[in-house]
Number of protein chains: 2
Amino acid sequence: MASRPKPTNSMPTLVHVAKLAGVGLGTASRALSGQGYVSEETAARIHRAVEQLGYQRNELARSLKVKRSGAIGLVIPDVGGPFMAGCVRAIQKVFRQAGYTCIITFTDSDEKIEAQELDYLTRHQVDGILISPAPGSGAHFRTPQMAHTPIVSFDLPIEKQDYDSILLKNRHYARAAVDHLIGHGHKRIACLGMNRHHYSIQQRMEGYRTAMKQAGLQPMLEIVDLADSGARRQLDKWLALKSPPTALFCLNELTTLEAVEALAERGIRMPSPMAFIGFDDIQLGPYLDPPLTAVVQPAGQIGECAAQRLLELIDAPEKLPSKRLMLDAALILRGSCGCPISRVTY
Amino acid sequence: MASRPKPTNSMPTLVHVAKLAGVGLGTASRALSGQGYVSEETAARIHRAVEQLGYQRNELARSLKVKRSGAIGLVIPDVGGPFMAGCVRAIQKVFRQAGYTCIITFTDSDEKIEAQELDYLTRHQVDGILISPAPGSGAHFRTPQMAHTPIVSFDLPIEKQDYDSILLKNRHYARAAVDHLIGHGHKRIACLGMNRHHYSIQQRMEGYRTAMKQAGLQPMLEIVDLADSGARRQLDKWLALKSPPTALFCLNELTTLEAVEALAERGIRMPSPMAFIGFDDIQLGPYLDPPLTAVVQPAGQIGECAAQRLLELIDAPEKLPSKRLMLDAALILRGSCGCPISRVTY
DNA sequence: CTGAAAGCGCTAACAA
DNA sequence: TTGTTAGCGCTTTCAG
């Protein structure tokens, strides 16, 4: 933090305003907050003083007094990618309209960092927390402060806790995507994922497995580590098979990105010899050649629901029973799955 | 804001800690902040009490007392796109390491919203502001609070003010890009931009004009409004010409995106019949067919410099002379400009 | 309707 | 070394 004490630039305070307007401190406060009775005339005088001094209320002092900071914490892994950006935008909007500040913090999906950030937020008295949790987190949700802070998670639930969450029907839509590929006649459908411990990924894996099983097909599912070009290596392994897969299903944005890049590098076209569907859209996805078929998540809706729900919890007089919302996604058929190309955009 | 008063869940305070440890309030405070003398033994007792109560310092109260909020405001148009995401990530990192919170707010490049957000931030006593300003802003930088709050702008300067800013050599690199196209033998090089009042855009336009003029070529520069598919319409106009352009230079991320999409829709390949260079990279740009040649901005570096500079200003005992940093970009030659394809990534 | 006074939880003198 | 005290700037009773 700042080493040197900031020069004591005293900004005008309510006391100054009151003095200038020739009224008491309390009256000035009431006039500005609109709470309690103040005569037209006095109010006008006070507002004139405010104008003249360029007074702005010190929200810190106010928060201390009223015991509400008017801030909420938004804890997310990162802001790359259209999905999270969409969520953040929607969340920010809802809270701003409700008069709250959003303190955004990044965890990099690291449990340790997440714990730090949560600690940080509660120390700053946030009125609520919106979190897209790191997989495996959970232990650090048990501080006394956290117990008194409304929380809703989105994108994935907080493990082993029954907090509110806004989720997606991951399993269902993963299955739908794979079924679609099967419908195109594919028998060898590979599935690429990352982050095995991630709840959404697990759900999507299940969807894939179920679809394959139902169709009596052999699953080819691999979870890789993107750090050491695991996606590319896995793809090469599959391609080296005597009978390589004819379709690929990627479980999230990052693997989709890697796969598309890798396919492009190797000159492998879609949908033949390799049909493709990704869970999550990527930027330009609808404009690639061929356009990418994808399960697209309603990012804005997810963010909005989560924010709305958190507001409910904050305003609730007592603890509400926790709720889990499951939202729908959309399987958007473009060209990469083998469907006739139609440039349906978002 | 919250309508109902939050149930008065009194969290443990320093008083509780002090009492439990059997010491005075001041001693407890000193022990926890590490300032001033406290005996080993008492300190241990105090820490035990902290542990036992699950005490967390109320940063709001602390801020009020020490007159530093430990928060900085980050004001940006939006978080789409790799460029801003990269900046934000770097900024966040620097401030977190220095012990500051980042309050991120979005302006949508709207002057009005920007003014609101700035007001919001100063009311919350932020120790400094980092801003990628909306074009045309400037008036609302003149409140007494703003005058006492260190500011550094990045990506573009604050108009008509001499605040610190971290900028890019926009003109230079725009010119380099166009020169490169000229080097490939192009005579009719179109240039597509948006947001005519945006400083960076203006600089880049100048770069384009200079390059064309030097080469004795006729500029074909159009600034469009993306809202009503202006980019597509403009492209169609150019294509309808008796001698249509053979190369296209886009002035930013959004126009690049639009142009790439439009070109794809119309089945126009790069680099022939249309060579292409974009100012700003886009996601997947290096993996398109052909990979996109682009001027890429060092987003991380820009963010880091800006954050670093703001920290300097905050820690400075008095007003520092304002400084303007001009950073270099990189013209990355991939395939779309006509160069032999090399898959140099970032 | 208005003013005075009591704190929110913390830090920073100042005495002890 | 430690405890006591006086506020930071604001809201909120509670009498006037």
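A:Phe249 touches A:Ala177, A:Val178, A:Leu181, A:Ile189, A:Cys191, A:Tyr208 and A:Ile277, leaving aside residues up to four places away in sequence; contact means C-beta atoms, placed from the backbone, within 7 Å. The model is predicted: local features need pLDDT of at least 70, side-chain atom pairs count only at pLDDT 80 or more, and totals for chains, interfaces and linings use all residues. Residues are numbered from 1 along each chain as its sequence is written, while chains are lettered from A and ligands numbered from 1 in the order in which they are written.

**Nonpolar core**
- The largest nonpolar core holds 178 residues, of which A:Ile91, A:Leu130, A:Phe249, B:Ile91, B:Leu130 and B:Phe249 touch the most other members.
- Such a core is a set of buried Ala, Val, Leu, Ile, Met, Phe, Trp, Tyr and Cys residues joined through C-beta atoms within 7 Å, where buried means 20 or more other C-beta atoms within 10 Å of a residue's own, placed from the backbone.

**Surface near DNA strand D**
- Around DNA strand D lie 30 residues, and A:Thr13, A:Leu14, A:Gly26, B:Gly24 and B:Gly26 come nearest; near means a C-beta atom, placed from the backbone, within 6 Å.
- Helix 2 of chain A gives the most to this surface, with six residues; helices are DSSP runs (H or I, at least four residues) numbered from the N terminus.

**Surface near DNA strand C**
- Of 28 residues around DNA strand C, those that come nearest are A:Gly24, A:Gly26, B:Thr13, B:Leu14 and B:Gly26.
- With five residues, helix 4 of chain B gives the most to this surface.

How values were computed
Helices (H or I, at least four residues) and strands (E, at least two) are DSSP runs, numbered from the N terminus. A residue is buried if 20 or more other C-beta atoms lie within 10 Å of its own, exposed if 12 or fewer, and partly exposed in between; C-beta atoms are placed from the backbone. Two residues are in contact if their C-beta atoms, placed from the backbone, lie within 7 Å.
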